[in-house]
There are 6 protein chains.
Amino acid sequence: MLDKARTLPADQVFLDLEDAVAPLAKEAARGNVVAALREGGWDDKIRTVRVNDLSTPWTYRDVISVVEGAGEHVDCLVLPKVRDAAQVIFVDTLLTQIEKTLGLPIGGIGLELQIETARGLVEIDAIAAASPRTETLVFGPADFMASLNMPSLAVGELNPDYPGDPFHYVLMRLLVAARSHDLQAIDGPHLQIRDVAGFAASARRSAALGYDGKWVLHPDQIEAANEVYSPTPQAYDRAELILDAYEHATSEAGGATGAVMLGDEMIDEASRKLAQVIAAKGRAAGL
Amino acid sequence: MLDKARTLPADQVFLDLEDAVAPLAKEAARGNVVAALREGGWDDKIRTVRVNDLSTPWTYRDVISVVEGAGEHVDCLVLPKVRDAAQVIFVDTLLTQIEKTLGLPIGGIGLELQIETARGLVEIDAIAAASPRTETLVFGPADFMASLNMPSLAVGELNPDYPGDPFHYVLMRLLVAARSHDLQAIDGPHLQIRDVAGFAASARRSAALGYDGKWVLHPDQIEAANEVYSPTPQAYDRAELILDAYEHATSEAGGATGAVMLGDEMIDEASRKLAQVIAAKGRAAGL
Amino acid sequence: MLDKARTLPADQVFLDLEDAVAPLAKEAARGNVVAALREGGWDDKIRTVRVNDLSTPWTYRDVISVVEGAGEHVDCLVLPKVRDAAQVIFVDTLLTQIEKTLGLPIGGIGLELQIETARGLVEIDAIAAASPRTETLVFGPADFMASLNMPSLAVGELNPDYPGDPFHYVLMRLLVAARSHDLQAIDGPHLQIRDVAGFAASARRSAALGYDGKWVLHPDQIEAANEVYSPTPQAYDRAELILDAYEHATSEAGGATGAVMLGDEMIDEASRKLAQVIAAKGRAAGL
Amino acid sequence: MLDKARTLPADQVFLDLEDAVAPLAKEAARGNVVAALREGGWDDKIRTVRVNDLSTPWTYRDVISVVEGAGEHVDCLVLPKVRDAAQVIFVDTLLTQIEKTLGLPIGGIGLELQIETARGLVEIDAIAAASPRTETLVFGPADFMASLNMPSLAVGELNPDYPGDPFHYVLMRLLVAARSHDLQAIDGPHLQIRDVAGFAASARRSAALGYDGKWVLHPDQIEAANEVYSPTPQAYDRAELILDAYEHATSEAGGATGAVMLGDEMIDEASRKLAQVIAAKGRAAGL
Amino acid sequence: MLDKARTLPADQVFLDLEDAVAPLAKEAARGNVVAALREGGWDDKIRTVRVNDLSTPWTYRDVISVVEGAGEHVDCLVLPKVRDAAQVIFVDTLLTQIEKTLGLPIGGIGLELQIETARGLVEIDAIAAASPRTETLVFGPADFMASLNMPSLAVGELNPDYPGDPFHYVLMRLLVAARSHDLQAIDGPHLQIRDVAGFAASARRSAALGYDGKWVLHPDQIEAANEVYSPTPQAYDRAELILDAYEHATSEAGGATGAVMLGDEMIDEASRKLAQVIAAKGRAAGL
Amino acid sequence: MLDKARTLPADQVFLDLEDAVAPLAKEAARGNVVAALREGGWDDKIRTVRVNDLSTPWTYRDVISVVEGAGEHVDCLVLPKVRDAAQVIFVDTLLTQIEKTLGLPIGGIGLELQIETARGLVEIDAIAAASPRTETLVFGPADFMASLNMPSLAVGELNPDYPGDPFHYVLMRLLVAARSHDLQAIDGPHLQIRDVAGFAASARRSAALGYDGKWVLHPDQIEAANEVYSPTPQAYDRAELILDAYEHATSEAGGATGAVMLGDEMIDEASRKLAQVIAAKGRAAGL
Ligand SMILES: CC(C)(COP(=O)(O)OP(=O)(O)OC[C@H]1O[C@@H](n2cnc3c(N)ncnc32)[C@H](O)[C@@H]1OP(=O)(O)O)[C@@H](O)C(=O)NCCC(=O)NCCS
Ligand SMILES: CC(C)(COP(=O)(O)OP(=O)(O)OC[C@H]1O[C@@H](n2cnc3c(N)ncnc32)[C@H](O)[C@@H]1OP(=O)(O)O)[C@@H](O)C(=O)NCCC(=O)NCCS
Ligand SMILES: CC(C)(COP(=O)(O)OP(=O)(O)OC[C@H]1O[C@@H](n2cnc3c(N)ncnc32)[C@H](O)[C@@H]1OP(=O)(O)O)[C@@H](O)C(=O)NCCC(=O)NCCS
Ligand SMILES: CC(C)(COP(=O)(O)OP(=O)(O)OC[C@H]1O[C@@H](n2cnc3c(N)ncnc32)[C@H](O)[C@@H]1OP(=O)(O)O)[C@@H](O)C(=O)NCCC(=O)NCCS
Ligand SMILES: CC(C)(COP(=O)(O)OP(=O)(O)OC[C@H]1O[C@@H](n2cnc3c(N)ncnc32)[C@H](O)[C@@H]1OP(=O)(O)O)[C@@H](O)C(=O)NCCC(=O)NCCS
Ligand SMILES: CC(C)(COP(=O)(O)OP(=O)(O)OC[C@H]1O[C@@H](n2cnc3c(N)ncnc32)[C@H](O)[C@@H]1OP(=O)(O)O)[C@@H](O)C(=O)NCCC(=O)NCCS
Ligand SMILES: [Mg+2]
Ligand SMILES: [Mg+2]
Ligand SMILES: [Mg+2]
Ligand SMILES: [Mg+2]
Ligand SMILES: [Mg+2]
Ligand SMILES: [Mg+2]
């Protein structure tokens, strides 16, 4: 699976010491992860390792084994089930001490934080602000549902008893917290790995809100993910049109006006900012 | 009505000194409540009394009359229209002093807190943390709508002008606050008491999110409530299946693996936690 | 356009120094605004001026030019893209100093605050509490979407990929913050100015939640706005009926009861509060 | 003793339900205090009653008995051993409810708060801000020493082993908290009631820092107290001189200068403020 | 020196990995400390180890080496130069993880926190509240002076240029923070180890304020320390006298009075609390 | 006086728009200050201007006149009577906007903050943290005494009624706040300008605590100031000795020991830090 992972068209790979590893296999898994990292072959994929959460006994040795063993080959650690800012500071502090001891660049290893409990959501603004290492907030739907006692086994899915998206609040709260600290916001995994359409529908919901991506569990989900989180060519073209029209309108030549009509729509500086978002995503996707 | 109440298949009974009592009848009502509690006959129903909120002149005498009069027969007080943590601390402190004076067990009387104003929602995390007596947060839809100036008389209902659930944010914010302090979350009453189907639809919405129950105003609503807040037999069976499959997979015998396929779905420790929620609800409902 | 504005049936007029003015025209625009205010003719319309936000170099001179130039003709300033309470205090402090210097009544000029960034939403409770001058919170959808990286150019619209209202959380969070400080809550503009039906549909969504109104960009939008934010005659009549029934029920004559049936519905003090909301809106609209 | 108290030249009288009353006598004492208040004869002395602190079972009945029994004859309650703001809010809330019930003016009964534990000192800024009823902070030296485990029985005294005033920090912290909320600051009692010189020396220390007065336990202490907390005639005269000189210097006639010499000393607006303090105390003392 | 330490009449011994160990010797010192702990011979002395502070690279390995190596032989860790609550939580969290991993009792290893920087003093209340493991706050005079830029090399001494105790504020602030969380307060070391009189004078200052003890660097300081922090026999006798007199006065037999004269002094419940402090110290010292 | 100021051996000059300027002369003074700054001749003296405090109407025009008029010739503004962090942020924000408008380097103009009220002292930690422009906290004794109602006209002096330094708490609290944010701490002026010995005694008190300097009002005070805030040659020599001894002891050659005897005193890393303070001051003073 690791060999396969090296070949897949994903931007990022993550090696798990948490839920994908049974308790009986935790200690052995550390060695495997270190070996896989040292072996290399990850090209320019972002290499992340998920450690166990701080309610377990495993976190400190996870961090120490991985970073003392392969610190120069790790881009980010993923910390699951973050409850509060102090947990983030714990990992940040431990990383700083290890980096100093090993002579690695201080702050070089980033953090991705999973929000997947009620407490984590309540504390999310403090969590997002806790460390300059933090790059990403990640939603964890299955644990979150368990934390709320949501009585459904269809992880992250719509519910026929409920009108609209049952996850609207949590998705938006996480997204707003992320953006207010210039972090990425990533949607969690879709467990029905044979149902790629279901994956895509779920991805389209978080993409519509502004998420940057979604975890994939299986190679089959990668293509859908790459597609959903890029704008359509139509949207991209319209965005470039707005940018041009606005630039002209506000120039001396265009009359230095700030709010003008483009077709049936008023555009102004706010429209420009919005068009800029889509144009940037489109350019990144090669449109 | 009190006699009837003693016979109904509800887990909990609540005696009201607040909105069900007209201002002219407030003083007399205290005596009635004390008498009803002392008379007994409530079996193992949880006995709660709702006092008036702290913007009125009545709260202190409500609490003192009821607890000095029948403290050993009260399980919880319900405090409505809670605005901030200080109001919770007020009632907690008053209860502690009365319990000390009467020789009742300190902390024996619990609290249920109604969130039904904008301010109460803003302060909900501090409110939920304010007292170890607190057992439950309860949504109060009619007062909440009035607090927001929501221009609808259909309390707690969907609105044809609005796509999705207009109460999503408040329901989720309350639920998350409750869970982050290990409290119960209870949905508020449905006023159309002849419309049991409407009651059930409304109950299904909060049940889908993870609520533990919903207030009933009238005997006709009890059966629907008991049904909606329990899992279906299908869900229960699936949950038990996941628990078994996961236990096997993570055992030595099962290969000590942490993420495995069950049918078309990946399951792991998070799936186990979620299945545990449903299995527990199902067992409690006698499935 | 200013002449026209003087004649339109709107309660409020706002003169913009921010996005409706191109950077090249900022300095000149200050003079125009001062002149328009001094000229008068605004009857009892509320006269507001939007200054540039505090990430620009323009705010202090905007405020000083307008208030030193026409302070006695301004009812409120609109501050866009508010990030935190300190920005509100900045403008409040500057206004106080100018009012003292000119001998204007201290605190006479109010504030309307636009929430249109992730940071502003995170800080909204502190923002709403920051100054006694604040009268209104205003949602700014286009900038907010840009702040979240929402990949859509249909400002404030529903999204076919998303079930329900993608703006539910932000609209509710703003409304709750406003009400918890007794402020007005105003929905932002609809840019498709030729599509009055789209404007009305969007307005009905925020009206359903309890918003007091919505910005209009163009004369064609005014009538729809005035209609959507008033209750229907049916709702108004029902509200008055509830008020009468409740008053009777709680009187000595009515038996001093607190919870009674009105048709198939239980009404009590909370119903009265809710009916009061609609009755008040109805009376204000001349029903 | 109460008869005597009516005749003494003190500004204020305080009737104690706390440490001056043995536990066995607590209940009877409430009746005595109510009787003494209703009897009157206190002229324009400020009438205060000290209730028991909130770690005891007695506070709620102390407050209710006294205020329901003689609320219109009480100026302030004294709350001892205040630990945090919530305790102040408790008493404030209880008073408000009683005042509403009895039809007394809301907020009419003030509060004096004793700071006499480590916790109370840590929380003093929040305590001082907790209620608009608060008029005074009072230092309680004996309880404070016990709270710190200070190994001395000479309450409030200097210590030969310690250079300077062992109470400097607590006295200053309390004074600063009081002034930052425009409250009075009062020094605690001197227990050696036969040692009037010791009383005076202790009073002079707190007076030097800016305290407004000191509790007296016995008639013999009153005269010293009245003297120590008034300025000397020399200081008073110098203060008036500075006020005149400054007024002249800053006038057109005096050259509108802001910093001038008065004898060997520079005086400016800050000197004026300081002179104002002494002039005001002197005028109040009839100098 | 370790052998000697085992024989000295001190309550507590501390093994240092911080300033008593040169940077070149840090790694070796960990092994020495573990060996000394495992060897035993400490009778009922409290065994503490000081780790390096969290601005160094050494802390995590100090903690892990000592606790994984000799966790069952350590009573407390001493954390120097504590800056904020997060540092305390870091060590607490690391200890919890190690205790879980080794099967040691969770929370069994306590913490002593050194306050010896300006930042640490500003944050002291949060620091004192940060962990239930914390037992003691310790003043660190030399580092504290350096942190303030105090231009004196006489660590912890009075200064002829300064009237009174230059350390009054810091000593009192630390003591108040300690007492408000029921912690011990310990004065820092006296570096002039040949000057036992100087040690005693310095100890008498902190003892006068209420400190529980003072660090000793050298065997010669032990006797003075044990003496200074116990009450004199006279004080002890007076304390017992007050306790008896108060008990009598408040009894039925004594007239159930709360404030009575004992000689020339009024005594009441507060006097009792204070006498209790001294009586307890006296009894502990075998008086 | 300005000409004279250019020639004096002070490190810093401050031009006052506050208390040294009578209200009648405020407007004219702004022009004088701008002219004096533009004229130059200040060599490498730090050029500061004190604006009026934010309770007056003058602050905004003070800042704007001075910075728009002579921004490139100002090093710092002095803000008096700072009450809270928001006031600092106000001036910081205004400066940023002016700097942007004029093209000056953003953040180039620093701030010195005067703490001279009870409120300012309560808020001092937030004040010290409020802006990266802040370089210095300055004590203001006369206003502070007035704020506390201290009944003395001898500004900043010892008081015969009070043992020790009445200003110990405020001086230490300010110093600790300054150091915890790496700011300078400066003592306030001595008004008895003919009494240079009094000035020196007062300066020696704050110097003993660690202050960096003291305001001078008059040329006669400069020499004493420069002397008092430098270490004596003896102290300087001892400091260098400690540095050498410590460096040797901790080296391989010295045995890599961390705590050693130097004469009768133990020295370790903390001693080194302290010696470093004095050595640095001594080197700066040319010793
Ligand atoms: C769920 C899971 C066990 C299914 O694995 P499976 O039964 O082997 O799935 P398939 O047979 O469909 O796999 C097809 C191929 O994709 C590979 N593959 C599957 N999941 C992969 C993954 N996450 N990364 C890389 N390769 C993967 C398989 O190894 C297999 O490769 P092969 O063709 O070379 O044999 C596996 O996808 C998995 O472990 N996913 C990750 C789970 C995880 O990360 N959980 C924690 C985060 S929530
Ligand atoms: C709304 C209400 C007044 C309607 O009462 P009603 O007109 O008597 O209703 P019905 O005639 O349908 O009642 C049928 C039976 O159920 C009983 N009943 C109705 N509500 C009941 C309740 N909440 N608890 C116990 N018994 C109830 C009635 O007493 C009646 O009993 P009976 O058959 O022995 O006469 C009544 O249900 C009520 O007071 N509910 C509680 C309101 C409340 O708690 N409000 C505050 C919380 S929001
Ligand atoms: C978008 C906009 C430029 C379109 O203007 P337009 O092309 O002139 O629109 P129309 O031709 O349909 O205008 C019809 C009439 O309404 C007037 N009108 C349009 N918008 C108006 C407004 N906001 N206020 C007053 N009058 C307005 C026009 O002046 C025109 O008047 P006339 O008939 O006397 O010539 C214009 O509506 C506008 O500037 N709106 C305000 C934008 C704004 O406030 N942006 C910032 C807030 S988000
Ligand atoms: C300490 C105390 C018991 C001593 O009382 P005592 O032994 O009667 O003292 P004396 O004999 O010196 O009293 C002389 C006179 O002053 C009166 N007196 C003493 N303290 C008085 C007081 N606090 N208020 C009014 N009168 C007082 C006495 O009644 C006596 O009056 P008389 O001459 O009419 O008989 C008494 O002063 C007292 O109770 N003080 C108040 C204690 C208190 O308030 N504690 C709680 C706050 S810390
Ligand atoms: C300062 C110090 C180096 C002086 O040591 P020294 O020169 O050996 O002192 P002396 O010669 O006076 O010692 C006399 C005896 O007491 C012993 N002794 C000295 N300090 C001791 C200590 N802290 N603990 C136990 N024994 C000690 C010596 O080992 C010597 O024992 P011996 O008679 O068996 O040889 C030593 O006291 C020391 O290291 N103290 C602790 C420093 C410390 O803990 N610093 C960090 C906290 S701030
Ligand atoms: C108090 C004060 C008015 C006394 O001034 P004065 O009566 O002129 O004092 P002297 O006659 O002793 O002055 C001697 C010389 O020193 C000069 N001088 C006095 N204070 C000076 C100052 N602060 N800066 C520069 N030069 C000063 C005088 O101009 C005079 O110069 P000259 O010899 O060239 O004439 C004056 O020192 C002053 O204004 N100080 C500053 C006050 C201030 O800054 N207040 C606000 C901060 S708290
Ligand atoms: Mg998870
Ligand atoms: Mg209600
Ligand atoms: Mg905008
Ligand atoms: Mg007391
Ligand atoms: Mg140290
Ligand atoms: Mg001043």
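**Reading a ligand site**

Guide: Let us begin with one contact: a nitrogen atom of ligand 4 lies 2.7 Å from a backbone N or O atom of L217(D). A polar contact is a pair of N or O atoms within 3.5 Å; within protein, one must be able to donate a hydrogen and the other to accept it, and residues adjacent in sequence count only if both atoms are side-chain atoms. This is a predicted model, in which local features need pLDDT of at least 70, side-chain atom pairs count only at pLDDT 80 or more, and totals for chains, interfaces and linings use all residues. Residues are numbered from 1 along each chain as its sequence is written, chains are lettered from A and ligands numbered from 1 in the order in which they are written, and side-chain values use heavy atoms, with hydrogens and water left out.

Visitor: Which side chain has a polar atom 2.5 Å from an oxygen atom of ligand 4?

Guide: That side chain belongs to H218(D), while an N or O atom in the side chain of K4(D) is 3.5 Å from an oxygen atom of ligand 4.

Visitor: How many residues surround ligand 4?

Guide: A residue is near a molecule if one of its heavy atoms lies within 4 Å of it. Around ligand 4 there are 17 residues, with M1(D) and R50(D) among the closest, and the ligand lies between chains D and E.

Visitor: Why is the site of ligand 3 described as shared between chains?

Guide: The site is shared because residues from chains A and C surround ligand 3. Here an oxygen atom of ligand 3 is 2.5 Å from an N or O atom in the side chain of H218(C).
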